[in-house]
Amino acid sequence: MTLGLKLLRDLKQSAGQFIAIVLVIVVGAFFYTGLVTLSSNLSAYTKGYFAEHHLSDLNVYYNQISAEDVDGLRDIEGIRHIEGRYTIQAEQAFEDDKASLTVHSIPVSNEINTSRMMEGRMPEGPNEILLDSHYAEAHQYRVGDPITLRVKDKDMMFTISGLNENVEHAKKNETQDHQAYGIAYISEEAIPEIAGGFFYNEILIDAKDGYDIDKLGQAIEAHSASLPYVSQVSKERTFNYSQTQQTIHNNKLMSRVIPIVLFLIEAVILFLIMSRIIDSQRNQVGIMKALGVKNRSIMLHYMGYPVLAGVIGSILGYVIAAVLFIPLITTSIGRSYSLPDLTFSLSLFTILPPIVCSSAFGMLSCYLSGIAVLQERAAQAMRPKPPKKMKRLLIENMPGIWSRLPYSYKIILRNIFLNKQKALASSVGVVVSTVLLITAFGTQTALLKVAGQIEEVYTYDLRMDYAAGAFPDLAALPSGVADRYGLSTYPVELIKGDDQENAALVVTEQDNQLIHFYDEQGDRISLGDHGVLVPKSYADQYRISEGDTIQLQFTAPEVNQTLVEMKVLDISTQYSNPSFYSTPNYMKSLGIDYHPTSLLVSVHSAADLAGVRSFFEQDPQVDAIADKDDLKKSAQYILKQNSFIFIMFIICAVILSFGAIYTISSINIYERNRELATLKVLGYPKRKINRLIFSENMLLTAFAVIVALPISGYVYSIIIQALSSTHQQIPDQLNLVILLASVVLAFILTLLSNLMLRKKVTRIHMIESLKGVE
């Protein structure tokens, strides 16, 4: 009971210090509970959502296929269920804008890629349409409203029967732009009016559990030899599924890396704080021992301090995560994906790891710090430590310099070198804080660099994606076109030993001036006819170097699963959508036929852009058109989707840094009560005492910053490496601006801590401090 009252008194006397410790724990608990909830809930939801609505395992495309031919494929081994449908691209014109829609027919007995109805009902006649709810909201459509779509150069009127979300379009495009792109579904009765006859051009496959999808795809292709077969895409290669899985993968990495880093920093700060608290109360430990209090009780008394801070900090972190983090990620994921009824809820179990970690770290630091004091006899512990012998400082041997130093600076230097261990411990706390600040600013700057590189790499004005086999005659392009280059993207697998990794190979002309490549130093590199450019993300993962030979297997059925060996021409830094790049001539030398499917163009002037775009919009073979605005949207989208986490990381880094600096400075003042009281008795002005402490803390901060700079580069590279993957490269270089900003902020936090601690110096009682030992 008495020790409990003492603990409360200690908390009251050093409330600011206790609050600073709690804030350190709050940050770790906040990020842990928030990121773990994001990762686990999103993973569990998507797994259940994809299973419930039977996301297709394989999509196979034909120019046209009859219902009888679809039935003929049902007996292929590995197929559980098969459905045919008709898919076409449509457009909708508005007063000052256009939108494109992908329109699917709904199979009569629909079991694959089923819809989640948000409002209304399924279409029942040829003039009814089911519209995706996000597109409807963007254009203020409601159930029962008429909608006019332009399909195959003719306008068709439909009535909206319902609003839905479909599992196959959880991720529509890079920027999830519902204003410019939508999804619609029609009944099979509308197919003859649109297509001019009843047939399908796509089949959906639900494979048997565990069956090899590649083997199934080959069997379907072989069975389609007499049919107008075009291509096929497995579930793993669809944009929708691959982007969703990549997001889940990245979130899992963040939920592991960031909390671990914060918990380790929290452990260091708690260790420094608790060791200094016990050391500063050495005489109180002696008094308790003299009064007969057992060593175990004394140890448990001091362990109660970090345990109480851990419980309070973890609960506050949990509550703040529920109030702040969960709404933010709900909005962010809702903007990134169409996942109906997805909610994020914190589990009470997520509060346990922060409590356990913070309490364990604090109790361990108490044990390691207090064991030496407890081993002393009561009388020995109650006596002040014998004064340390101090040799003359090196600078004291220079009379010309030492004699000119103000007395206050002599005190500072003597105090630092007399208490080297304490000064080092204080510096360690500031080092950790500075490293965290540099890492936080570095990650945010890296995010800005990722977004900025998109417009540096791609400098075209327009990109047109064509239907298979419909690439245009380049001689027939309009006069406003300045440069034009074709390209094609092939799905491939990188094979390295026993490892296989999905990738994309982009083939384009060697002299393509609308796509730029950069090495790790930011210098331009070029394509060549005797090798392939490898993205650095893959090179780092699989230890690929310039001049090596790699194996790529083409997974598209039209290339017949060809396996080729390619020489590495160079390593290319690609932060967003990393791909392998090669030229048509090199592909030809490997026996691969090159057929471009996309066209990049630049125009002479802005006045020519509208006319050139209109030319391509009128081409029925063009499936999609993208321009510079789409690139800017993509860059802005990357920032919007990720910046809030890193901004929170920066804020939390500031809180951690302030908590560490404030607490350590507070303990420094407590330990030097007798010294500071002596100065006050000798008539030292209050402002000079404050300046003395301020100058000493700033000097320690300067030393810590110098030590932190090389350490921060190493720590930052480890974190970036942990967050990076083959499909995502993050810049791992810190620039001078980041370092300067972090250093300045560390000094500002030190200054703020000193200003807040001035009252603590003012409240020092001279007689009590000087007579306290006696």
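Let me start with a convention: axes are lines fitted to C-alpha atoms, for helices over the stretch in contact, and angles run from 0 to 180 degrees between N-to-C directions. Helices (H or I, at least four residues) and strands (E, at least two) are DSSP runs, numbered from the N terminus.

Ground rules next. This is a predicted model, so local features need pLDDT of at least 70 and side-chain atom pairs count only at pLDDT 80 or more, while totals for chains, interfaces and linings use all residues. Residues are numbered from 1 along each chain as its sequence is written, and side-chain values use heavy atoms, with hydrogens and water left out.

The overall picture. The chain has 23 helices and 22 strands. Of its 774 residues, 52% are buried, meaning under 20% relative accessible area with a 1.4 Å probe, protein chains only. Contact means heavy atoms within 4.5 Å. Among contacts with a separation of 6 or more, 82% join residues 24 or more positions apart.

Now the annotation. The unreviewed UniProt entry marks several stretches as "transmembrane region", including 15–35, 257–278 and 299–326. Such annotations may be inferred rather than shown by experiment. Residues 257–278 are 100% helix, and the end C-alpha atoms sit 32 Å apart. Residues 299–326 are also 100% helix, with 39 Å between the end C-alpha atoms.

On to a helix pair. How do H7 and H10 pack? Helix H7 (residues 239–280) meets helix H10 (residues 352–374) at about 35°, with the axes 8 Å apart. H7 passes H10 in a right-handed crossing, that is, the near helix is turned clockwise from the far one by less than a right angle. H7 contributes residues including Phe-263, Glu-266 and Met-274, and H10 contributes residues including Pro-354, Phe-361 and Gly-362. By class, the contact has 11 nonpolar, 6 polar and 1 charged residues.

Two of those residues lead us to Tyr-32. Tyr-32 lies in helix H2 (residues 15–52). Tyr-32 counts as buried because its relative accessibility is 18%. Beyond residues up to four places away in sequence, Tyr-32 touches Pro-259, Phe-263, Thr-350, Pro-353 and Pro-354. Tyr-32 and Thr-350 are 318 residues apart along the chain, yet their C-alpha atoms are separated by 7.8 Å.

Last stop, a strand. Ser-602 lies in S21 (residues 598–603). Is Ser-602 buried or exposed? Ser-602 is buried, because its relative accessibility is 9%. Leaving out residues up to four places away in sequence, Ser-602 touches Asp-461, Gly-480, Val-481, Ala-482, Asp-483 and Leu-514.

How values were computed: Buried < 20%, exposed > 50% of the residue type's maximum accessible area, 1.4 Å probe, protein only. Nonpolar A, V, L, I, M, F, W, Y, C, P; charged D, E, K, R; others polar.
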